[in-house]
Amino acid sequence: MACVSFRNVRKDYGEVKCIHDFNLEIYDREFVVFVGPSGCGKSTALRMVAGLEEITEGDIFIGDVRINDVKPKNRNIAMVFQNYALYPHMTVYDNMAFPLKMQKKNKREIEERVKSAAKILGIEEYLHRKPKALSGGQRQRVALGRAIVREPNVFLMDEPLSNLDAKLRVQMRLELKELHRRLQTTIIYVTHDQIEAMTLGDRVVVLKDGLIQQVGKPYEIYQKPQNVFVAGFLGSPTMNFIRCQLISENNELHAKTQGFSGKLSNEQKEKLKEYKEKDIVVGIRPENILFNLEEGIKYGNLINANVDVAELVGADTFIHLKTGAQSISALVKSDYGIIEEKPIQLTFKSESLHLFDINTEKAFL
Amino acid sequence: MRRDKLAKNVVGIFMGIVSIAWFFPIYFMFINTFKPLKDVVLNTAVFPESFYFGSYVTIWENTPYLLMFKNSFIITFFSVLGIVIFGSMAGYKLARANSKWAYFLIMYFILTLIIPFQAVMIPLVKIMNNFNLIDSIIGIILVYIAFGSPLAIFLYHGAVKAIPKSLEESATIDGAGPYRTFFKVIFPLLTPITSTVVILQTLYIWNDFLLPLITLQSTANQTLPLGTTALFFGQYGNKWDLGITAIFMASLPMIILYMIMQKYIIKGIVSGATKG
């Protein structure tokens, strides 16, 4: 069993509070991704599991064992670093054999395990080379290999793909997913890249300023962000936030501001009935902004805007709009033929609106 | 482009002249070891007509050359070993310690580099005397380690800073303790600095005359530079033939060491300079 649980974990660096109120259960064989902007404490949380940082308060368990005072080597974990951290003076084989040598395994077993890991990762032919004679992707495979040979309970990965170029990153992402399926081990993965988080994680933990903002399946978080930060952090291009007033008309609630008008669905209306005439923050994802005007007019969901800039990115065009004083962006099909600096009318579905309290920035739904 | 080429050629010619000038003393020393005293004095620059091995034989049979060589070797070897071990470990720890004290200490070590040996010579002898370390090989080794360490610490400190910390963290997770991490992972990466330190300190200690002169008194403890001078150069006449031969024999190990370590020292100077 390799569940990992954080119980009321806190980490301070002198006066600075790095992590607080950190409570999380990671299940056996789960691929969990910690994501957040730099300085949010995601790496620190990972390093506490590894034993590279002390825990100021609270407990971390791997399985049933409280590991606060267990030495890193006895935690049965393996870590992959952003800069690979391969030993430059050793060959690939020796790099991968190093943890096993430290465990005083016999030569035959070391050879077997290294070779089988090398086979999984497709680096058999480089075993006699030194790291400096390898490309970035190959080096990262060796670093993974060094982790695999240990057959650890938990893999810890600290931004392992950030040093790779964009194309290789996509490829390695797939390989990591494949590897997880094959090894069936718990993985904790740290990244600041929300796409990596969404594509890799069974569950995603969004962090900010040392606090967990939301934990959930990627799509769940994408669909139902619990606050403005999570809504803005996940999803690319990022969600638009528009400050609106709630206005009651004909027994319906409308979120309105200059150039923007949206009718709330029944469910939304029910939740927000006490906020009549008050200001709220409305979030809408660029891909949820539509061209189907007839439907928009029928339901009263309208955006009147001026096209600022249109960026063609292939099948889709990314348009930057100005409505009143606010800037928003939309992702539409390229064949609509958008013309820059012209007025435009767009629409959306009421269900695709995300509604947030203006003070607490928390979602209403 | 043409001017560049010209400049390159001029520099090349200049460097050729300098290297020949540097080579000549060694050449003279070498050819004079094969001449009897009369020829050494009268025909110093002439290539010997026939090779005379008398000087070598006399030194081998009539002087305690082997003993002096052994003393020099033991002193140099253990001093350099000590400097490398202490210097690298201290440099490593100081580079990794994240405290004001570490900064203060490294500054302190750098400051000691500007104090000339002659300035501390007399108090040093007094202190050594108090600790009963005068005329003792262990005593002189300790002093060499103390004098050689600051430069080594300074060089190692800079080199360790350039090594990513994640290497050590990785080794820790892989199950290596602090000493094993240092000797298996960090120390091998410091090879360029180690060879720089080894060359510099070996040359200095092997050739040093002053410290042995003021601390080693008995004949049994004499080093090569000290013994050679005492035996062949004196108030009543210089035995040039034997002196030159003995010095040549003493310089051979250094020449061999330099040839072996040469490629590392260049790497070391470069990598030390650019943190690479």
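This is a predicted model: local features need pLDDT of at least 70, side-chain atom pairs count only at pLDDT 80 or more; totals for chains, interfaces and linings use all residues.
# Notebook: two chains and where they meet

**Entry 1, the contact.** I began where the chains meet: 17 residues of chain A and 13 residues of chain B make the contact. I count two residues as in contact if their C-beta atoms, placed from the backbone, lie within 7 Å. On the side of chain A that touches chain B, strand S6 (77–80) and helix H2 (92–102) of chain A are the elements giving two or more residues. I sorted that side of chain A by type and got 13 nonpolar, three polar and one charged. For the sorting, Ala, Val, Leu, Ile, Met, Phe, Trp, Tyr, Cys and Pro are nonpolar, Asp, Glu, Lys and Arg are charged, and the others, Gly among them, are polar.

Residues are numbered from 1 along each chain as its sequence is written, while chains are lettered from A and ligands numbered from 1 in the order in which they are written. I noted the model's scores too: ipTM 0.82 and pTM 0.83.

I found ten helices and 19 strands in chain A. Both kinds of element are DSSP runs numbered from the N terminus: helices are H or I with at least four residues, strands are E with at least two. The C-alpha trace of chain A spans about 80 × 45 × 35 Å along its principal axes. Of its 365 residues, 39% count as buried. Buried here means 20 or more other C-beta atoms within 10 Å of the residue's own; 12 or fewer is exposed, in between is partly exposed, and C-beta atoms are placed from the backbone.

Chain A splits into domain 1 (4–233) and domain 2 (240–357), with bounds from an automatic or database domain assignment. Their centres, taken over C-alpha atoms, are 40 Å apart. Four residues of domain 1 of chain A contact five residues of domain 2 of chain A. The domain 1 side of that contact has three nonpolar residues, one polar and no charged.

**Entry 5, some strands.** I followed strand S1 (residues 4–13) of chain A, which runs antiparallel to strand S4 (residues 57–62) of chain A and is joined to it by five bridges. Strands pair if DSSP finds at least two bridges between them. A:Arg10 has A:Glu57 in S4(A) as its bridge partner. S4(A) also pairs antiparallel with strand S5 (residues 65–66) of chain A, over two bridges. Which residue of S5(A) partners A:Ile62? I found A:Val65. S4(A) and S5(A) make a hairpin with two residues between them, and A:Gly63 in the turn has a positive phi of about 65°.

Helix H5 (residues 166–183) of chain A has 18 residues and should span 26 Å at 1.5 Å a residue; its end C-alpha atoms are 25 Å apart, which agrees. The expected span is 1.5 Å times one less than the number of residues. Just after H5(A), A:Gln184 has a positive phi of about 55°.

I found 13 helices and two strands in chain B. Of its 276 residues, 32% count as buried. Its average pLDDT (the predictor's confidence in each residue, from 0 to 100) is 88, and 95% of the residues score at least 70. By element, mean pLDDT is highest in helix H4 (residues 65–96) of chain B, at 95, and lowest in helix H13 (residues 240–274) of chain B, at 76. Residues 271–276 of chain B have pLDDT below 50, and that stretch has ten contacts in the model beyond near neighbours in sequence.
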